[in-house]
Each structure stands twice: as structure tokens, then as C-alpha cells.
Amino acid sequence: MSKDDKILKEFTSKEYEHGWSVDFDVDQAPKGLNEDIVKLISKKKNEPKWLLDWRLEAFSNFKKIKEPNWSNLKIPKIDYQDISYYSAPKKKKMLKSMDEVDPELIKTFEKLGISLQEQKRLSGVAVDAVIDSVSIGTTFKDKLSELGIIFCSFSEAVNEHPDLIRKHLGKVVPTKDNYFACLNSAVFSDGSFCYIPKGVRCPMELSTYFRINASNTGQFERTLIVADEGSYVSYLEGCTAPMRDENQLHAAVVEIHAEKDAEVKYSTVQNWYPGDKNGKGGIYNFVTKRGICNGNNSKISWTQVETGSAITWKYPSCILKGDNSVGEFYSVAVTNNYQQADTGTKMIHIGKNTRSKIISKGISAGHSHNSYRGHVKVMRRANNSRNFSQCDSLLLGNKCGAHTFPYIDIENKSSMVEHEATTSKIGEDQIFYCLQRGIDEENAIALIVNGYAKEVLKQLPMEFSVEAQKLLSLTLEGSVG
Amino acid sequence: MIDTVDLRKSISIEDDNIIKDIKSKSIDKLKLSYKKYKEEYKYTPLLRNIEKKFGSFNSSKNIKKVDSYKDLISTNDKYYIVTLNGTFIENLSKIPNGIDIKNLKDLSKNEQNIFIHSYSKIDDSIDDIFSSINSILHSNCLTFRIKKSTILKEKISIINIVDSSKPTYFRKCFIIDKNSEVSFSEEFINITKDGNFSNSVNEIYMDENAVLNYFSTQNINKNYHYNSINVFQKRNSTSNFHTYSFSGSIIRNNLNIKLLDKSCFANMYGFYAIKNGSHIDNHTSVDHLDENSISNEHYKGIVDNGSNGVFNGKIFVRQKAQKTNAFQSNNNILLSDNAKVNTKPQLEIWADDVKCSHGCTVGQLDDDALFYLMSRGISRKDAISLLLSAFSTDITEKIEDKEIREEYQLMILKELEGLNYE
């Protein structure tokens with residue numbers, strides 16, 4: 001066995017670090033999907049009538065649409081009737097302080113290295129922790145509410161700020177958008193809601209940690225972020241899920257509204273269970289993320305580091321409606337073993353002088369397949385719009401695949417669109433250079449890959465960038481060039 | 001969906017059993033290719049247009065008198081091959097030594113076997129519905145056999161005459177034997193002006209060390225055209241394709257190259273300058289199946305009022321094809337606000353030791369460059385055509401033969417005069 005093969009084997013045999021599960025007292029709905037389940041979820045959450053109607057509308061659309069088959073993914077048949085669509089830790093009483101949080105839960109976070117206290121004390125990050133679909137502890141709420149910022153669980157927002165929710169829910173991702181978004185709209189259990197009022201610059205990074213915990217429970221999160229005129233917010237989403245043998249379905253929806261002069265920065269680190277080295281198990285991740293730059297000079301920036309999930313189907317998109325609005329997409333997607341990722345973005349230029357930038361870095365190893373799928377559309381009215389896309393792929397080993405599907409549709413003569421993509425392996429000369437400087441091969445590869453992804457990683461907020469770098473080096477150290 | 005009963009009826013008149021068999025297999029492929037239609041023809045509504053215009057895919061059975069076309073052939077080329085609605089017209093053609101051109105039906109049993117062995121095997125019938133329809137409905141396959149070690153410096157023109165108000169089908173099969181070198185240029189001349197449809201499928205086999213230069217010129221005004229070229233390359237062979245498109249209601253070009261063996265070269269160059277509602281759709285695919293091959297692709301286009309330019313380039317690098325170099329690039333200039341460009345440069349790679357890249361741009365003329373030229377006393381109009389012709393030079397300079405290169409450069413200059421830049 002050559003050294004390369006040895007390193008490769010080492011790398012591919014690495015077990016998932018966050019693979020454990022904690023038994024909570026779970027209130028679970030019976031398996032199956034029908035109108036009664038939708039009504040049950042709505043009733044459990046004490047939702048108003050309009051929201052139930054909205055869910056039912058989405059459900060009727062869901063029944064009409066076929067499962068999409070255009071992606072470059074091999075998706076095993078999903079039995080939507082064999083999933084329980086609601087599970088919540090039994091609510092004993094409303095929690096006000098950290099002391100009241102289930103000690104088991106606190107332990108869970110400590111294992112992940114994201115203890116609430118720690119976060120609260122040291123990093124100044126407000127955490128809206130979501131375990132199995134229901135928010136349990138929300139911190140820093142008082143501090144945020146002084147500024148008029150609303151950051152709470154979705155169900156809380158439905159009851160306390162119904163007008164805001166009603167005004168914005170489903171406006172970017174409508175109830176008939178796509179198969180998985182419809183499913184989410186019909187059965188979403190909880191999520192986060194965030195509102196930044198006019199002219200407010202959110203003083204801290206807002207973050208949620210999602211965890212799928214109960215076995216066989218699809219997690220259907222709904223996130224809604226509304227940034228009013230002149231406001232700024234940076235939102236973090238991080239995910240880890242415990243090791244399971246059966247596949248779990250995750251179909252989340254994230255909607256962002258950016259009004260005039262507002263800026264929203266949305267960062268994700270996704271490290272769900274990718275399945276074992278034979279491709280067994282793992283999370284199916286079908287996410288619809290979309291933001292709209294409603295007002296002039298607004299900006300939405302997506303940053304994602306995707307290392308987990310057996311199947312990833314995710315296209316964070318920007319609709320650049322306001323003049324001079326800006327959309328950005330930075331992505332690092334790493335796949336190993338039998339993971340499959342089909343990810344990318346959509347940039348729809350509608351307003352004048354709109355700009356978008358896409359930087360996508362794909363790294364595939366093992367038997368995995370990594371696809372970039374992007375769509376840049378410049379509408380007729382979008383004068384002087386500008387797009388730059390770069391999507392690079394790195395292949396480690398000769399059994400993996402890298403695919404690029406960029407769609408570029410231009411209808412305006414004054415716009416400039418550039419797209420470039422490369423596929424390659426780590427250059428022997430690069431490794432040689434490092435070796436010659438006394439850096440061993442393993443470190444050299446880690447160095448090169450980190451450098452390769454740096455353009456994206458540096459977009460992450462400090463708190464996250466550490467976790468992301470840890471994840472990347474964990475996945476990639478010892479990989480073969 | 002197309003009526004298969006009708007199609008089955010049309011092949012029942014075929015007298016050759018082998019061909020009949022191949023054709024009926026093609027009917028089975030229709031279903032497969034129809035499935036892919038939606039994605040493959042996302043921007044090009046060819047099927048809808050043809051069905052609306054002609055109602056049926058069947059071609060006319062009337063045989064025209066050939067003598068009246070004599071005046072059309074005003075080619076400067078030394079050698080030319082003339083076909084009318086898909087039928088080879090031998091007495092109007094001039095064929096050089098070293099090449100055998102015959103109808104598939106007229107070949108001796110032995111020769112026929114060689115062609116049948118390859119015929120309909122590599123066309124894109126599975127992927128493209130128009131190729132499957134061609135496989136079923138063409139009346140005659142014209143075979144070209146370039147004999148071993150034949151080196152022909154002169155270009156051979158293939159002149160296809162379309163004179164029918166019904167769809168017409170052209171089918172050609174080329175076998176280029178070892179160590180031979182040949183150049184073809186193909187064009188379609190439309191006699192009927194009110195929108196006819198020509199559907200052409202070519203299959204080209206290149207044996208070891210063979211060299212092929214292939215030029216297509218498409219200037220067909222308000223007509224519809226489907227053109228599929230399917231190439232199969234053996235070791236050390238080199239193919240150079242040059243496609244120039246200037247007008248057409250809808251033109252769809254499929255260029256599929258399979259690099260079956262080690263050390264193959266494939267070069268694809270294309271240029272389109274379209275205006276007044278023309279629609280050009282270039283779909284190319286290069287499939288690297290073995291080691292050490294190189295493919296180069298460069299398409300450039302200028303799209304003016306009401307026109308739509310579509311480009312879709314696919315590069316496949318299979319697991320076995322290590323040390324592959326594949327490059328692809330597509331550049332577009334939009335001259336008008338109601339012009340459209342849809343482009344999709346696609347890479348699919350399964351091997352790790354490769355160098356692949358693609359690039360794609362959509363933009364406009366550089367105002368600074370325009371200003372510079374105008375400040376030197378060059379009129380705006382001249383400056384524009386100077387810049388546009390410079391844009392096309394990247395493509396034309398790839399033509400090795402000086403005479404042919406100049407011929408195409410002149411052709412482009414003439415076409416560029418008709419474009420406006422606001």
C-alpha cells in the first residue's frame with residue numbers, strides 16, 4: 001500500500017465525532033402525512049386560523065407537485081408516510097433562565113462545545129437553541145429587545161407578532177414554490193424569527209443551533225429574517241446531528257427580507273451525520289433558502305460550509321429587486337465516502353446596477369459526488385448589472401466526481417457576466433514546495449486545502465470561522481493529493 | 001408526443017431488412033429521447049415550432065428534376081458533393097480520388113457490413129429526439145469512405161439543397177481510415193423561402209492517426225435546421241470543427257465527440273453573429289473515455305436585436321481518462337436590449353489527475369476601446385465593426401489553411417456590417 005493510499009484510508013475511515021444521542025421525553029406525532037397531521041401540528045402549537053389555512057394550502061400544493069428529479073443526485077425513494085412530522089420535548093413550564101434548562105440538554109451543548117453559559121458569558125452571542133423542533137432557551141433577549149430587535153422562536157412570534165409574520169411569511173418562498181418547500185410550509189414545526197427595526201445595527205451575531213435528535217423525525221425548520229430600512233444583522237446557523245442508521249429527512253426553509261439600505265449576512269456551518277463509510281445512514285438535507293433585496297442599496301450575503309449530510313440539496317438564492325442591491329454567495333462543500341451534494345445559488349437581477357458575486361469551492365473525496373448548480377439571470381430592466389462567478393473543484397482520489405452546471409441567462413445588453421470554473425487535484429509542485437520547506441505531506445495538504453477554501457472561510461464571523469476551520473481540517477487532514 | 005404508428009408505417013416500405021431492423025429499434029429510442037427533451041431544449045422550442053408548422057414529420061416523396069439546380073453550384077472549390085433533400089446527386093458532384101461516396105443501399109454486401117456495423121451506433125438518438133426521428137425517417141444514408149493513408153489538401157464542399165415544403169432528412173456516415181487526412185465544408189441551401197425544416201445527422205468514425213477538418217456554415221434566413229454531428233475517435237486522431245452561424249429561425253447544432261482511445265485531440269470552434277429574430281443553439285459534448293486526450297472548445301457570439309444565442313457545452317471526463325486536459329470557453333456580446341443569451345458550460349469529472357476549466361462571459365463592447373478608436377478619427381460605425389471583427393479573430397485564426405481562413409474572415413466582415421450597436 002502506497003503512502004497515499006494509506007493516508008486516504010485513514011481519512012475515509014474516520015468516524016463521525018458528534019455521533020451520540022440523548023434521550024429526552026418526547027411528544028411525538030404518529031407516523032404519516034395527511035391533512036389531520038397538518039391540523040394536529042397547528043393545534044399543538046396553538047396557531048391562529050390563518051396560519052392553519054396557509055399550511056393546508058401548502059399541503060394541497062404539495063400533493064400536486066412531483067418530487068424533483070433534475071438534480072445530479074441519487075436519492076433513495078423516500079416514504080413520506082413513514083415519517084413522524086412532529087416531535088417536541090414535553091413542555092413542562094416556560095423557561096426564563098438558564099438554570100431551568102434541562103441539565104441533560106446543557107450537557108448536550110457542552111459536548112458540542114457550544115455551551116449556552118459559555119456563549120452568554122464569553123462571546124456575547126445570543127443563542128436560540130432548537131432541539132427537535134421546539135425552541136427551549138433564548139438568551140440575550142432582553143438586551144436585544146431594548147433595541148427593538150425581535151429574535152425568538154417562530155411559534156412565539158406567531159402569537160406575539162402576528163402582523164409581521166403574516167406580512168412576510170411565504171413572500172419569498174411561496175406555498176407552491178417547490179416540492180420540499182411545500183412540505184415544509186405544510187408541516188413546519190418551529191424555527192426562528194428575527195426582525196431588525198429601522199436603522200438598527202444588531203450589536204451581536206445572532207445564532208441558532210439546530211439538532212435533529214429523536215430517531216426518525218424529520219426536522220422542518222422555518223426561519224424568517226426581516227431587516228427593515230437601514231438595518232444590519234449577521235445571522236449564524238450551525239448544525240450537528242447524532243449518528244443514526246436510518247436516514248433522516250430535513251427540509252428547512254429560510255426566508256430573508258432586506259429593505260432599503262439593509263444588510264443581512266447569513267452564515268451556515270452544516271455538519272450533520274453523513275452516513276458511515278459504506279454510505280449507510282445519514283441525513284437527507286433538502287433546504288430552500290432565499291432572500292429578497294426589496295429596497296434599493298440592500299445587500300444579502302450567504303456563506304456556507306457544508307461538510308455533513310448524506311445528501312445535500314441546497315441553493316441559497318438572492319432576488320436582487322432593489323436598484324444597486326448586492327447579492328453574495330460563498331460556499332465550501334466537502335463530500336467524502338458516499339456523500340452527495342448538489343448545491344449552488346441563484347442570482348436573479350431585476351433592479352438596475354445590481355451586483356452579485358459567487359465563489360464556490362467544492363472538494364470531493366472517497367466515492368462522493370459534488371455538484372455546483374447555479375443560475376445567474378439578468379432581466380431586461382437590470383441595466384449595468386454585474387455578476388462574477390467562480391466555482392472550483394478539487395478532487396482527492398479517483399473514485400469521486402465533480403460536476404458543474406452553471407445556467408447563465410442574460411437579457412440585458414449593458415450587463416457584464418463572467419463565469420469561470422476549474423477542476424484539478426492538488427498540484428505536485430505545491431506539495432513539493434511545502435515538503436522542501438520542511439512541512440510534512442499531511443500538513444502540506446491541510447495547508448493547501450485551507451488556502452483553497454480561505455476566500456470563503458474568511459467571510460465567516462469570528463465565532464464561526466474557528467468551528468469551520470476545525471471541521472475542515474478534521475475532514476481533510478490526512479487526505480491524499 | 002409523436003405518433004409512433006405513423007412512423008412504423010413509414011418504415012414498412014423499407015425493402016432492406018437490416019435497415020428496417022435498425023429503424024424500428026430507433027422507434028423504441030424515441031421514448032427515451034423524448035424524456036430528455038425538456039432539459040435539452042429548455043431555451044429552444046424546436047419541436048413545438050415544427051409540429052405547428054408542418055403538422056407531420058414525414059418528408060415528401062416527390063422526386064425533383066435535378067438539372068435545374070446546376071446553376072446553384074457556383075463553388076470555387078475543386079471538389080464538391082451535391083445532395084437534394086437528402087438524396088445524393090452523383091452527376092452534379094465532383095469527387096476526388098481516394099474517397100468512395102455511395103448510398104448505403106448501393107454498396108457491396110461486404111462494404112455494407114462495415115458501415116452497418118457503425119451506422120446508427122453513435123448518433124445521439126437516445127439523447128435527442130430529432131436524431132431519433134432522423135434515424136427513422138431518412139430515406140437514404142450516404143456513405144463516405146476515406147481510404148487508408150489518403151491525404152487530401154483540397155477541401156471538399158458538401159452542398160445540401162433543400163427544396164421541399166415538408167421536412168427533409170439528411171444522413172451521412174463517414175469512415176476515415178488510418179493515417180488519412182481530409183477536410184470537408186458543409187452548407188445548406190434553401191430553395192423554398194417560406195420556412196422549411198432540414199434535419200441532418202452525421203456519424204464520423206476516425207481511425208488511428210486520422211485528421212479531419214470540418215467546416216459548417218449556416219446562413220439559412222427564416223428556415224429551421226437541426227444538425228447533429230457525432231464523432232468517434234481512435235488513438236492519435238485529431239478533429240477540428242469550425243461552425244459559423246449567421247441566420248436561421250431556429251438552428252440547433254449538436255456536436256458530440258467521443259474520445260475512445262488514448263492521445264486524441266478534439267478542437268471545436270464556433271462563431272455566431274445573429275440578428276432579426278434568429279435563434280442559434282449550440283450544444284456540444286466531449287466525452288473523454290481514455291487517458292492523455294486533449295479537448296479545446298471556444299465559441300464566440302454576437303447577438304443583436306430580437307435574437308437568442310444558446311450555448312451548452314458538456315465535458316465528461318471518465319474515471320479511466322487520467323491526464324486529460326479539457327478547456328471550454330464561451331464569450332458573448334449583446335448588442336441590443338431585446339437580445340438574449342442563455343449559456344450553460346457544464347463539467348462532469350470522475351478522474352482526479354486532470355486539468356479542466358471552463359469560462360464564460362456575457363458583456364458588451366468596451367467603451368474605452370471605442371472611444372480610443374474614434375479619437376483617432378475612425379468613424380463610430382467603422383470602429384464598431386473593427387472591434388467586432390477583432391472579437392471574431394480568436395475563432396477564425398484557428399483555421400490553419402490560409403485560403404480558407406481568409407474566406408471565412410471575409411464572410412464574417414460582410415455579416416457584421418448588418419449589425420447595429422446603439
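First, some conventions. This is a predicted model, in which local features need pLDDT of at least 70 and side-chain atom pairs count only at pLDDT 80 or more, while totals for chains, interfaces and linings use all residues. Residues are numbered from 1 along each chain as its sequence is written, chains are lettered from A and ligands numbered from 1 in the order in which they are written, and side-chain values use heavy atoms, with hydrogens and water left out.

Let me begin with the interface. How many residues of chain A are in contact with chain B? There are 33, and they meet 37 residues of chain B; contact here means heavy atoms within 4.5 Å. The area buried between the two chains is about 2,900 Å², and carbon and sulfur atoms give 47% of that area. Buried area is the accessible area, taken with a 1.4 Å probe, that two parts lose on being put together, summed over both.

Between chain A and chain B there are 20 residue pairs in polar contact, both residues being at pLDDT 80 or more. A polar contact is a pair of N or O atoms within 3.5 Å; within protein, one must be able to donate a hydrogen and the other to accept it, and residues adjacent in sequence count only if both atoms are side-chain atoms. On the side of chain A that touches chain B, strand 23 (401–410) and strand 24 (416–424) of chain A each supply at least two residues. Strand 23 of chain A gives the most, with 10 residues. By type, the residues on this side of chain A divide into 11 nonpolar, 14 polar and eight charged. In this count Ala, Val, Leu, Ile, Met, Phe, Trp, Tyr, Cys and Pro are nonpolar, Asp, Glu, Lys and Arg are charged, and the others, Gly among them, are polar. Helices (H or I, at least four residues) and strands (E, at least two) are DSSP runs, numbered from the N terminus.

Strand pairing also crosses between the chains. Strand 24 of chain A pairs with strand 19 (residues 355–363) of chain B in the antiparallel sense, over seven bridges; two strands pair if DSSP finds at least two bridges between them. Within this pairing, Glu418(A) stands opposite Thr361(B).

I turn now to salt bridges. Between chain A and chain B, the count is one. Which residues form it? They are Lys425(A) and Asp353(B), at 3.8 Å from N to O. Lys425(A) lies in the loop between strand 24 and helix 10 (428–436) of chain A, and Asp353(B) in the loop between strand 18 (340–349) and strand 19 of chain B, so the pair joins two chains.

Other salt bridges lie within chain B. Arg171(B) and Glu203(B) meet at 2.9 Å, N to O. A network of salt bridges links Glu40(B), Asp128(B), Arg252(B), Asp281(B) and Lys314(B).

Next, the histidine. His279(B) lies in strand 14 (residues 279–288) of chain B and counts as buried because its relative accessibility is 8%. Its side chain makes a polar contact with that of Thr44(B) at 3.0 Å. Among the residues that His279(B) touches are Tyr43(B), Pro45(B) and Asn308(B).

Finally, the two strands. In strand 14 (residues 299–306) of chain A, seven of the eight residues are buried. This strand of chain A runs parallel to strand 12 (residues 263–271) of chain A, over eight bridges, and Thr268(A) has Gln304(A) as its bridge partner. Eight bridges also join strand 14 of chain A to strand 17 (residues 326–335) of chain A, again in parallel. In strand 9 (residues 211–219) of chain B, seven of the nine residues are buried. Strand 7 (residues 181–190) of chain B runs parallel to strand 9 of chain B over seven bridges, with Phe184(B) opposite Tyr214(B).

Note on methods. Buried < 20%, exposed > 50% of the residue type's maximum accessible area, 1.4 Å probe, protein only. Salt bridge = Lys/Arg side-chain N within 4 Å of Asp/Glu carboxyl O. Lists of a residue's contacts leave out its neighbours within four places in sequence.
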